[in-house]
Amino acid sequence: MDRTLSLALSRRSLLASTAAFVFAGTTVARARTLAGGMPWEPGTATPPVPVRPGPWMFFTADEAALIEAAVDRLIPPDDRGPGGKDAGCAVFIDRQLAGPYGRAGGLYMKPPFMPGAATQGYQMSDAPADQDKVLTALETGSINLKDVNSEEFFALLLQDTQEGFFADPIYGGNRDMSGWKLVGFPGARYDYRDWVERHNEVYPLPPVSIMGRSDWGVRE
């Protein structure tokens, strides 16, 4: 029995080492087509373009004012940090709508259309109380919007606001990394493995964006 087990282990080790050798020998040849058989070349990734301050790219001034008011009610400011407006959520949504996301890049948007399953995804200044009533009415579907389902509109607005609050600042939201500071997320730091297992402890270092930090300038 011991001999049988030993032979089985030896055979398994041989097969594993052989597979590793064959894979290593063919990796270079196949590396350009490993991604699902699609052509691939190294160094061709498209990095995100940092969002710079400037005029609205998608919204009109009135539309931007409405979105800023809405995101500030969805994530209101408090003593722990800024709300959705000051965190740049409206800017994030504006830039997203002005890009491939707003053009529905990668989605099937031309007829003929077929009914899809729910799992397939998406085929003005006022008083805070009134703003909340409007948002609640959108959420519950009691407001009728022309050619748009109000519940889906609210769900998309809420999702985009949350993404703008917690996405990397390179996309225009999470200004000064306020969302990350709120939850103690370290951001794109190179290495924080020393803290992975230290539960219920406040991470002491400030978060870092993909772009680095504004206080990381070159010193003479």
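1. Where is the place of Asp94? Asp94 sits in helix 3. The model is predicted, and the points below should be read with that in mind.

2. Asp94 counts as buried because its relative accessibility is 0%, where the cut-off for buried is under 20%. Its side chain makes a polar contact with the side chain of Arg95, at 2.7 Å. Setting aside residues up to four places away in sequence, Asp94 touches Trp56, Met57, Phe58 and Phe59.

3. Phe59 also turns up beside Ile67. Leaving out neighbours within four places in sequence, Ile67 is in contact with Phe59, Ala90, Ile93 and Leu157.

4. Next, the core. The largest nonpolar core has 18 residues. Ile67, Ile93, Leu135 and Leu157 have the most contacts inside it. Two or more residues each come from helix 2 (61-74), helix 3 (89-97), helix 4 (128-140) and helix 5 (150-166). Helix 2 gives the most, with five residues.

5. Then the second largest pocket. Its volume is about 540 Å³. The lining comprises 21 residues, and those closest to the pocket centre are Val51, Pro169, Arg175, Asp176 and Met211.

6. What is the lining of the second largest pocket by class? Eight of its residues are nonpolar, six are polar and seven are charged. Arg175 and Asp176, both among the residues closest to the centre, belong to the charged class.

Definitions and conventions:
Residues numbered from 1 in each chain as written. Predicted model: local features only at pLDDT ≥ 70, side-chain atom pairs only at ≥ 80, totals over all residues. Heavy atoms only, no water. Core = buried A, V, L, I, M, F, W, Y, C linked by side-chain atoms within 4.5 Å. Buried < 20%, exposed > 50% of the residue type's maximum accessible area, 1.4 Å probe, protein only. Helix = DSSP H or I, 4+ residues; strand = E, 2+ residues; numbered from the N terminus. Contact = heavy atoms within 4.5 Å. 1 Å grid on protein atoms, 1.4 Å probe; cavity = no way out; pocket = protein on both sides within 12 Å on 5 of 7 lines; lining within 4 Å. Points joined across faces, edges and corners; volume = space filled by probe spheres on them. Polar contact = N/O pair within 3.5 Å; in protein donor to acceptor, adjacent residues only side chain to side chain.
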